[in-house]
Amino acid sequence: MSVRKGPRSAPTATTGQARREPEAIGLKPLIQSGRLHGRGAVSNPGGRYEPTQRAAYDDGWGTLDEPPPVRTEVTLEKARVIITRNDSPDIPFDRSINPYRGCEHGCVYCFARPTHAYQGLSPGLDFETKLFAKPNAAELLEKELSASRYQPRAIAMGTNTDPYQPIERMLRITHGVLEVLNRFSHPVGLVTKSGLVTRDLDVLAPMAARGLARVAVSITTLDPKLARAMEPRAAAPAKRLAALRELAAASVPAAVMVAPVIPALNDHEIERILGPQRRPGRNRPATCCCGCRMN
């Protein structure tokens, strides 16, 4: 993985840098299924706002030969604000924080993929290999929370991309955000499919003791083979279950998020996934980190 810096105020330069590598290695807009191991997307169509579109064509000269492995590349952007707000009546929270753009988990079903079009990039392989990080997130958050007009309400994290995707191990941006929220005694709800969340129990546990933190772990399937196909770089189901146990042991309110439910693929697993997470003697339905009922 390579990391480089790029200011948000110059999206054209950032986009050009992020697109150079696929062009340099001859990565085609369309790649046959199974050729790129460990990646969720099997294509890399142009962004929806791009003036031109390309399609691969086998001219008989080996132009569709198997490409070299695609590296994960991270561009550091200097964000101007960190709290994203919405006024949708269908969403149970009005503010969220996304420390990263793009997600290395590479989930094939990810609804956030089209957002990479705003960077002039593809919702396919670009979304999971061309990532953007906001290293000044904690600094911006402290400034925004200190504003005289700010009114505290729960902040959601993990609403667009996973705050605990693999690059968080090195960059620790999510950890920095949680430290600020802890100092300000500000409520937060996290959604993740990574066991890395337990690394931050030193912050989450004290917050939970004050009723300020809750975590929802996304478990789509308990079948490791299916999980690798649907979520190639996310934690294995067993690790997510272990994370839930650690969170519960630390008295951090934890829930299971089962989504998406795909008919004939994982719909038969709903009872298996939710069953082991129920506590004896408690009939209250499980809830997501933002209060949604899960069963």
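Q: Buried means under 20% relative accessible area, exposed over 50% and partly exposed in between, with a 1.4 Å probe and protein chains only as cover. Which of these is valine 74?
A: Valine 74 is buried, with a relative accessible area of 0%, and its place is in strand S2, residues 73-76. Its C-alpha atom is separated by 8.0 Å from that of threonine 129, a residue 55 positions away along the chain.

Q: Before I go on, what kind of model is this, and how are the residues numbered?
A: It is a predicted model, in which local features need pLDDT of at least 70 and side-chain atom pairs count only at pLDDT 80 or more, while totals for chains, interfaces and linings use all residues. Residues are numbered from 1 along each chain as its sequence is written, and side-chain values use heavy atoms, with hydrogens and water left out.

Q: OK, how many helices and strands does the protein have?
A: There are 9 helices and 10 strands, where helices (H or I, at least four residues) and strands (E, at least two) are DSSP runs numbered from the N terminus.

Q: And how much of it is buried?
A: Of the 295 residues in the protein, 46% are buried. The accessible surface, by the Shrake-Rupley method with a 1.4 Å probe, comes to about 15200 Å², and carbon and sulfur atoms hold 53% of it.

Q: Which residues touch the most others in the largest nonpolar core?
A: Those are Leu141, Leu178 and Leu181, in a core of 47 residues. A nonpolar core here is a set of buried Ala, Val, Leu, Ile, Met, Phe, Trp, Tyr and Cys residues joined through side-chain atoms within 4.5 Å. A second, separate core has 5 residues, including Cys107, Cys110, Ala112 and Phe127.

Q: Stay with leucine 181 for a moment: what does it touch?
A: Leaving out residues up to four places away in sequence, leucine 181 touches Leu141, Leu145, Ile155, His186, Val188 and Met207, a contact being heavy atoms within 4.5 Å. Across the protein, 76% of the contacts with a separation of 6 or more are between residues 24 or more positions apart.

Q: Leucine 181 is on helix H5, so how enclosed is that helix?
A: Because 8 of its 11 residues are buried, H5 is largely enclosed by the rest of the structure. The buried ones are Ile173, Thr174, His175, Gly176, Val177, Leu178, Val180 and Leu181.

Q: How does H5 sit against helix H3?
A: The axes of H3 (residues 137-145) and H5 (residues 173-183) come within 8 Å and cross at roughly 25 degrees, the axes being lines fitted to C-alpha atoms over the stretch in contact, with angles from 0 to 180 degrees between N-to-C directions. The two helices are therefore roughly parallel, given that angles under 35 degrees count as roughly parallel, over 145 as roughly antiparallel, 65 to 115 as roughly perpendicular and the rest as oblique. On the H3 side the contact is made by Ala137, Ala138, Leu141, Glu142 and Leu145, and on the H5 side by Ile173, Gly176, Val177, Val180, Leu181 and Arg183.

Q: What about H5 and helix H6?
A: The axes of H5 and H6 (residues 201-209) come within 10 Å and cross at roughly 30 degrees, which makes H5 roughly parallel to H6. Here H5 contributes His175, Leu178, Glu179, Leu181 and Asn182, and H6 contributes Asp202, Val203, Leu204 and Met207.

Q: Which hand does each crossing have?
A: H3 passes H5 in a right-handed crossing, whereas the crossing of H5 and H6 is left-handed. A crossing is left-handed if the near helix is turned anticlockwise from the far one by less than a right angle, and right-handed if clockwise.
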